[in-house]
Structures are given as C-alpha cells and as structure tokens.
Amino acid sequence: MAYETSPSIQDVRTSFQRRGGRPTRYERASDPRKAMKRLFGYLMPFRQPLLLIVFFVLLQSLLGLVGPYLLGSAIDKSIGGKDINGLARNAVLMLIAYFLSNSFNLIANRKMAIISQNALKNLRRDLFVHIQWLPMRFFDTNPAGGLMSRLTNDIDAINQAVSQNIISLVAGVITMSGILVSMFVLNHWLALTSLIVIPIMYFFSNFVAKYTRKGFRELQKELGDLNAIAEETISGFKVIKAFRRNDSAIETFKRKNEAVYKAAIYANSYALLLMPLTGVIGSFFVILLASLGGWLALKDLVSIGMIATFINYAQNFTQPLRQISNLYNSIQAALAGAERVFEIIDMDPEIAEEPRLEEAKTNPETAIRVNEDSIIGSSTAPIVFSLGQFQGNVSFKNVVFGYLPGKPVIKNFDVDISAGLTVALVGPTGAGKTTITNLLMRFYEIDEGQILFDGVDIRTIPKEVVRRAIGLVLQDTFLFADSVLENIRFGRLDATDEECIEAAKMAEVDHFIRQLPEGYQTNLSERASNLSQGQRQLLSIARAILADPAILILDEATSSVDTRTEIRIQRALLRLMHGRTSIVIAHRLSTIRDADKIIVIDDGKIVEIGDHQALLAKRGFYHRLYMSQFKGNEI
Amino acid sequence: MNEFGKLLRFARPYRKTALFSFVALVIVVTCDLAVPRLVGHIIDQGIRQRDLHTVLSTSALMLGISALSALAAVLNSVYSIRVGEGIARDLRESIFIKIQNFSYGNVDQFSTAKLMVRLTSDTAAVQRLFQMSLRLGSRAPLSMIGSIALMFVTSKTLALTMMPIFIVGAVVIFFFSTKMEPFFRTVQQRLDRLNTVLQENIAGARLIKAFVRGKYETERFETANDNLAQENVKVMRIMASMSPILTMLINIGIIVVVWLGGLQSIQGDLTLGQIVAFTNYLMATLHPLISMTQLSNNWANGLASSKRIAEVLDAEPEVAELPNASSLPQTIRGEVEFDHVYFHYNGDTALKVLEDICTRAEARKVTAVLGATGSGKSSLVNLIPRFYDARSGKVNIDSNDVRLLRISSILEHIAIVPQETVLFSGTVRDNIRYGKPDASDEEVLAAAVAAHANDFIMDMPEHYETHIEERGANLSGGQKQRIAIARALITKPSILILDDATSAIDVETETKIHAAIAKATMGITLIMVAQRISTVLNADKIIVLDEGRIVAEGTHRELLKKSPIYKEIYDSQLGAGVRHGL
C-alpha cells in the first residue's frame, strides 16, 4: 500500500517547518515554552540584522545608564560644589548620552518592526503552503467556517503581541542587567538591596502567571463555545425564525454569554494583578533605597547624589517587569494561537508518493512541460508523465475503499471505461458515486485493488499529473473573489484573454458576461452571490473547457438550475464532453439516456452495467429506479 | 465619534463602577506622586539635617502610601475589568437579540460572516477601548496634571520652563494618534484580502487540488501577504518611533531641570532635594505617556468597531408588526391568496422580483410553483409567513391580510422547509423535535417515517441519538433534507411550504417522500416550489413563474396543452425521455 511515509516526504515537510526543529505530531498538551521557541525560530533568518539590533539596544541601554549617573554627579559635584562649569559640562554630556541612547532606540525599533513583520509573514506563508498540502480528508472533516475563524483569530493574536513592540522587552531585560552591574560598581551596599527585590518579584510574577494562564485557558474555552453557538444560530437564522425559536436561542446565548463574562473577569483580574504588584514592588525598592541610603548617608557612607542615581535606577529597574505584565494577556493569547498554528503546520501532508515520483511532485509544472512529447522514465530517472500521453482509458480493478478502516463504502468496484466514452454513475443517495470520483482524483487512496489510467496504476503517477489529466465540474460550483476572466483562466493559467473568451463562448456564458457591469473584468464578490446558480455552473464549465482535460468528471447539478439555463448547460456540456472520457454522476435523464454506459451503483457495489435500452429491458434495479420517476403519471 | 456616543449608552449601567475605578486611579496617581516628594523630604530634612528619625519615619510613611497605592491599583483594575467586560457582555447580548429580531432582509444585507465579526472581534475592540481608557488612558493625563501641580508647588519658575515640553509632548501624541487612523484602516483592508484568499483555499480545496493550482494560489496568497506585511511595517515604524521621541522629550526636561535648577541651587534658591524631586516628577510622567501611545491603536480600532456595531444596532427590522396586530384563530382553513402582489428586494429596486401576482393556493390542496432560478418562486412563498413583506398588493391567509397579523401567530400555522438545509448541533432527535420542543418520541418517529428518514436514521450508529456534526457533516445532502422535512412535519401545520426541499434527493426517493408527505399531510395546504418537473406532476394546481410574473397556471394536463413554456420545461426534463422509455 502507498500509505507508508517515504523519507522524501519528510524532507518536504521539514522544509515547510523551516527551522522549527523536529516534525512533531499533533499534541493536545499546551506547552507555551515550545511555541515560544518555535516562534523565535522564525526570527532566525534575520540573524545578522538582529545582531545589529542587539548591539544597538546594548548601546542604548548603556547610554541610558549613563544619564542617571551624570545626573547624580551633577547634583553632588557640580551643584553641591557650586561648580557652574562642571554643571554645564554635565548637562551637555547628559544631552549627548540621552540623544544617542534614544537615537539607537529609534533605529533598533524601526529595524525590528521590519524584521518582526517579515517573520510573521513567513509564518503565515508556511501555514498557507502547508494547508495546500493537507489531504482532502482534512478539508472533508474540518468545516471551512470553523477552521477559518480559528486561523484568522490565531494569526491576529500573534500579530497583536508582536506589534506591541517586543524590542522594548529585550531592551528592558538588557537595561535590567546593566542597571544591576552599574549599581554594584557604584555602591555595593545599595546594590545588595536589589538582590532582595529580585526574588520577591520573581515569586509574585510566577504566582500571578500561573493563575492567569489557567484563567485564560478557561476563558478561551468559554469563548469558543459562545462563538460556536453564535455561528450556528446566525447561519441558521432563517430556520430559527421560521420555527419561532428565537427566544430559546436568546436564552442559550445569554447563559453562555454570562459564563464568558465570569471567566473574563476571573482571567483578567489575575492578569491585571501583576501591574499593581510590580508597581508596589518598585515603590518598595525606592523606599528601601531611600531609607537605607538615608541611613548610610548619615554615616557618610554614600552621597546624596548617589541616592538620587540609585532611585533613578530603581525606577528603570522595574520598568521591564511592568511592560511584561502589560503585555501579558496578548503574549498568552499569541502563544495559544501559535500553538494551534503549529498544530496545523505539523499535520501530515497528503500521502507520500513513491520516492522516485518526488521530483516530479515538487515541480510538476516544469516536469510536464519539459517532457511534453516523449517520456516514460527509465529505472533510474524519475518517471515523468505528460498530459498528452493520456488517451483516457480508465479501469477500476477490484477497488475497495472506506473512509474509516473496516467500513468499506466501495466494494470490489470493477469496471473498464474506454477512452472517449461517456459513463453515467447512477444510484440512490449515499451509494458511493462521489466517492468513486474522489478515488479517481486521488483525493483518497484506495485500500485494495487498482485504478489504471491507460493501463498504468495511478499510484505510480504523480498526483498532480493525475489531477491535471482530469477536469472536474462540481455540483457546488466554486468561484473566487476575482474577475470573471481570472475565474475562467483558473482552468489554464497560461491561457490568453482570447482563449478565455473563446471558452466562455463555448460554454454559452459569453452573452451573459457581457451584460455584467464591467464585462469580463467584473469582480465576483465573495462566493459569487451576485450570480445565479446556473450562471456559476456555466462559468465552471468554461473553466473546464479551457483546461482541456483527457478525462472529465461531472457531478451534475440540476437541483437549482432553471430550465433555460439548463438547456444551455446541456449544450455546453455536450461540447465539453466531446472526445473525452466522461464520468458523470447523473441526475438528468438526458445524460443517463445518452450515456454509452450506465453503471448502476447501490451500497458501494456495481449492481448493473449496460446502456439505457439494455438496462430497461433487464427490468432490474435500473428499471425500478427509472420507472419510479414517472409513477402515477400516465399520459 | 457619533457612533461611539451611541455606544456610551451601554456604559451607562456601569457609571458607578467606572467612577469607582476612576477614584481608585486618582488615589494611585496621588500616591505615586507623593513618593518623589517624600524622597525629597528624606534627602532635605533627613539626610542633610542628619536626622535619622525623619529618614525612618518618612520611609515608613512611604511604605504605607505605596501599599495604599497598590490596593487602589488593584481596585482600579478590577473595576475597569468589570466595566469593560460588562459592556462587552451587554453589547454581545444586544447585538444577538437584535439579530434575532431581524427580518430575512436584514440578514441578507449583513451576511453571517459579518454579523459574527460584529459579535466577536468588534465587541472585543470596544471592550479593550473602555478598559484601557479607564486604566492607562486616564492615568497619563492624571499623573501629568498631578506632576505639573507638584512642580508648581516645588518651584514655580522651574515648573514654567517645563510647560513647552509638555505642550510638545501633547502635540506629538495628538499628531500621531490622528495620523494613524487611515493607516490602521489600510491594514484592515489588506488583512481582509488575505483572509479572503485563505478562506477560498479552505472552502475551495477540492477544486484547487483538482486543477493542481497550489502554486498559483500560493502566489496569490504571497501577494496579499506581502501587501499586508508592507503596510504593517509602515504602521509599526511610526509606532516604534513614538517611545524614543517621548523619552527624549522627558530627558530634555531633566537636563533643563538640572541646568536651571542647578544654577538656582548654586544661588541658594532651590534645595538639592527639590531638584531630585523634580526629576522624579518628570520620570513619573514618562511611562504613562508612553503607554498612552499604545492606546492610540486601541482607540482607532475601537472607534472603527463601534461604527460597525452601531450599524447593526441601528438597523430597523424590515418587517415590522403593527402595534394593534391581530392573531389568526386557533384553527384555520389554510387558503392563501395573492392579490396584485409586487415585490423587490431592498436596495435593488431596479430588479422587480415579483410583478402583479394574482393567484390562490386553495385550502387543503397541493399547489406547486414551478419556474427558473430567479423567477421569484422562493420570494413568492417567503411572503406568506412575512419573512419579507410585499411592496404593494396583499397576501391573505383565509382572507386576513398578513400585514395586519402578528408574525408569530402566522408561523403557528405554517411550517416551511427552506431551500438551504440547516441542522443544529445535537442529536437527530433534537433536530426533528426542533419544530416542536415538547413532541413525544412517537411523534418524532411518525414525522421521520413520513419524511422517509427513519430507514437511514436506524442505519446510523446510535439511531435517533446519533450526534449531528457541525453543519451536518456526517449526513448527505439528501439525508439532511429529509430530517428538515421531518422537522417541519412534526409541527402539524395547516400550511406546509416545501421550498425546493427535495433537490438533493434522487428522484426515486423523492417520489417516495412525496407519497409519504401526501399521506401524512392529508387535509393541509401544501405549497411546493420546484425546479424538477417530476416533483410537481401530481399537484392540484401548478403555477408557472417566469421573470416574476405568472405565465400559466392549471393542472399538469391543462398546462401541457395550453402553456408553451410549461411544455418546453417538460420536454427538456422528461418529455423525450418518457416517450423514449415507454
């Protein structure tokens, strides 16, 4: 089976993770330190400018220390000694020191802004690229809405924290150590007092952090619940209204809202405790210095200027701590967000190809173009396939597949489809029609048997090549928030405007597009709500016409398409299907009737195969299915 | 600002709490400012006079003051949290209730995603705005005022020289705050674009994989990503400049104090302790000033969010009840009549959705509405329970004009299965019972059987207790529709509206469901909207809509004879096939 992970896919994965360390699997346990480490990993590509910044910050901090020293000296020596020249000299030196310190700070801050934003950009890109590689199973099991709101929130949380200037934190820590050193140089008696303060601060902040973290985790959970309720109620608004259940919806919401309120008060109260606490510790420090210093001064052990310097230092000393407590909430939220982002980045990407297909996989675009005319690899060279190579013969050989292990939904599916034929898949809801097309596209890998393209097992062909050979027109058409033209061009990126318009004409949608306010340049708003279902369907057909695939999969959508558009769609589809192998999940009678082969599926098994006439004559499952449509309708 | 004023009314219940928070803050600031003065006292009265007692007693006083300050700071935090979180809670509740009172038209206008943003990030932004303003925002001006006052008390002349510095500081902050607003807006726009691409890649994953467009999509994303980063860098560079600039200002102040104060001190006009206190006052104003710059971000976001929230709260429900609205009687016959009805959606007056509709759905009969997408079928049936109101003309139920009726009294008699199936989290049973919360298990079973849902429900792992995943992910489209039908049937309505409710169900199952519904709903008015002609063949009356007008009505046989449009639909969908097959 193709399930084992080959070494090369590991390489692909680690390249996504950049410097994030070992690829780890999804973990529930939250480990803020690990998330932090990985976030810092994103700063590593900017090592050199970072070093420069650290150097600047160092200069800034040291010069910042000179200020208070000069202040003390000015008070003691110049003012105390009534030395006007000395005072002037000191004032000028202070001005220079402060100016340089702030300039370095300014430069470092601005440089850091660039670096942090670029690091964030890389994180977002890694996340996005990885999402691209996730298997279809992931998207089928994670509802788009929930996933989306989670991701945007998480990215936003990281952004918030980073924007709040992490550099001032770094500067703060450097300043703290610098102050400590200077204190000891200046007067070790006074400096010793700071050694009393540090453990107290450490103890309190640890204590507060513990409860805050707990509180925020609880809050996050409650908020998640509330949002889930809101999302469900708002998207189900019309039903709630129709069944007059608004009051009970409001009740539920109110209850959860109250829970969020309580959790928020709890979490924030602890978080905000840190600020006053560090404040009081700071004051305590100043008082300690003043009283001890005063006492020492009385004994002539220290000068008054020295006390002024120390008090100035003391105020700067607790500043970084205040900042941390200020940013504490957003840092916590950011780490929680980062953890979830990394969780996705660490998920296993699509099932591995065989190693020798890796090269083709990493760059299918060029692989295909380079080998447009010849190919089929030797035993050593990577096997590369060209699009033109496929004639469109498709065979299923005893295919077995289940979404869950031990629960097959496709059972011994065995059929040959010759190139250029149209095959209709017919059967009751849930028979496995869509699953068959999923397997053909290699969205899921089969458990047993083989699927062959022109006699080649599709597992030996790079997924990208398989998919490029197939055109897909889905029941649920999907259009992008882009111009009409670009939406068609999605089918083949190198198509010219003329080719796109030609495809639109073939799909009979050209006339309609020209009626739009800006014709082909009209921007389709999100999910293209300004188009009717039928028009959207026609656009997706134009897309497939442009793609010009050897094999076509149509999940026919008739449900919400009007009659006239349907006739158009019908004609467009006929044009599209001409000369291609077409596999149609058929709802329309005309498609079924005109299909070269009808495969009747029930419960994952083929129950009948044949053309319309033959199957009707058989008076079996198909006959029953077909006749039931017109039951009670004698004309 | 105006929108924010509207939001201030949500702060009204918390006036007292906010006041407490403010008073606590005044205490904090007073205490913080007292400390430098006391330090000056220690130096001048204690150390210089060699009076150990003064040193120690003043220190004790300082300790007491800082303890008081801490207590007040905790109170300030707690009260400001209560205000912020309380307002957030009230806002969420008001928005949610407002949404629940919306009409369909309002929700169409806003979209689910937008309403979710109002409810989540917008309220959070407003909450931050209030909370931060009560803490950091009020603190900076307070400590500045306090510092300036104390400076004047300490030395008038020296204090006067500080004025230009404070004025420059205020101008810098004001300039930055106002200048940042458009930048924040651009950042928001870029972020929206990035999210759109991300959204498309998640929702359209199947298509992107099928067309092997990963690379192309990555390029699209990277463009959006680069644009966002660029704009963010701009904003952050400006923000990053604020703190050094303000620090430099204060530093200049300190140098001025040392120089001028030094000169005065040498002349004996000022004591050393006073100079030290003065520099401390300056330092004390620095940090609140810097934290205030961080507020500008909060303000810009908070105001933008207030504006968006106000949009929702100020929206009027499109369909309003008259104050003296009447109710339908306990039992009704269930006749629905349209009398010269015209309709168009809000904001799109040019597109006439329904024009001069005059028709009737007879009581206890089956009426089908057939037509193309956009022909107005759904709009037509949505007028019956007043999901929307007709622009002119009348919709009558048993000769009662619906606009004179209470909406809830209409809905008591009507059940609707909408086009888009929505199921809620909970078990299958919960979902069926949604239509009638007090329904017995027997009623649930009967409804499920009638909707042809019992069979597949019994095939599910826990039958009726099976949990339905988010958005019904573990059910097929047809299964979801059948549960939705059961949910409607259980209410035993007098009028049942099926708005293309069987579209995702294969024809065979659909036929069975229709037979079952016909049996279960014997004697009620059934109105069904359909695209598939096979769905409507047996109706007592078929109304054919085309571009908002009724083009034909009658039974299948009648229409086949007299209506060319009907014939066209019939031929395209079935006609040839039937001839072919039989």
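In which helix of chain B does B:Val35 lie?

Modeller: B:Val35 sits in helix 2 of chain B, residues 15–47. This is a predicted model, in which local features need pLDDT of at least 70, side-chain atom pairs count only at pLDDT 80 or more, and totals for chains, interfaces and linings use all residues. Residues are numbered from 1 along each chain as its sequence is written, while chains are lettered from A and ligands numbered from 1 in the order in which they are written. Helices (H or I, at least four residues) and strands (E, at least two) are DSSP runs, numbered from the N terminus.

B:Val35 has 24 other C-beta atoms within 10 Å, so B:Val35 counts as buried. The cut-offs are 20 or more other C-beta atoms within 10 Å for buried, 12 or fewer for exposed, and partly exposed in between, with C-beta atoms placed from the backbone. Beyond its neighbours within four places in sequence, B:Val35 contacts B:Met62, B:Ile65 and B:Ser66, and also A:Ser283 and A:Val286. A contact here means C-beta atoms, placed from the backbone, within 7 Å. B:Asn280 is 245 residues away from B:Val35 in sequence, yet their C-alpha atoms are 9.0 Å apart.

Next, the helices that cross between the chains. Axes are lines fitted to C-alpha atoms, for helices over the stretch in contact, and angles run from 0 to 180 degrees between N-to-C directions. Angles under 35 degrees count as roughly parallel, over 145 as roughly antiparallel, 65 to 115 as roughly perpendicular and the rest as oblique. The crossing of helix 10 of chain A with helix 3 of chain B is right-handed. A crossing is right-handed if the near helix is turned clockwise from the far one by less than a right angle, and left-handed if anticlockwise. The contact of these two helices has 30 nonpolar, 13 polar and six charged residues. Ala, Val, Leu, Ile, Met, Phe, Trp, Tyr, Cys and Pro count as nonpolar, Asp, Glu, Lys and Arg as charged, and the others, Gly among them, as polar.

Now the whole contact between the chains. Chain B puts in 130 residues and chain A 140 residues. On the side of chain B that touches chain A, helix 8 of chain B (residues 214–266) gives the most, with 27 residues. That side of chain B has 65 nonpolar, 45 polar and 20 charged residues.

Within chain A there is another helix pair to set beside this. Helix 3 of chain A (residues 47–79) packs on helix 4 of chain A (residues 84–133) at about 160°, with axes 8 Å apart. Helix 3 of chain A is therefore roughly antiparallel to helix 4 of chain A. The crossing of helix 3 and helix 4 of chain A is left-handed. Their contact has 23 nonpolar, nine polar and two charged residues. Chain A as a whole has 23 helices and ten strands. Of its 635 residues, 48% count as buried.

Last, chain B away from its helix 2. An open sheet of six strands there has the order 6-9-10-3-11-12, with mixed pairing. Strand 6 (414–417) and strand 12 (549–554) of chain B are at the edges with a single partner strand each, so one side of each has no neighbour in the sheet. The twist averages 15° from one strand to the next. Two strands pair if DSSP finds at least two bridges between them. Strand 6 and strand 9 (residues 495–499) of chain B pair in the parallel sense over four bridges. B:Ile416 has B:Ile497 in strand 9 of chain B as its bridge partner. Helix 15 of chain B (residues 477–489) lies across strand 6 and strand 9 of chain B, at about 180° to strand 6.

B:Gly548 counts as buried because 22 C-beta neighbours lie inside 10 Å. Its contacts beyond four places in sequence include B:Lys352, B:Val353 and B:Gly376. B:Lys377 is 171 residues from B:Gly548 along the chain, with 8.0 Å between their C-alpha atoms.

Conventions:
Contact = placed C-beta atoms within 7 Å.
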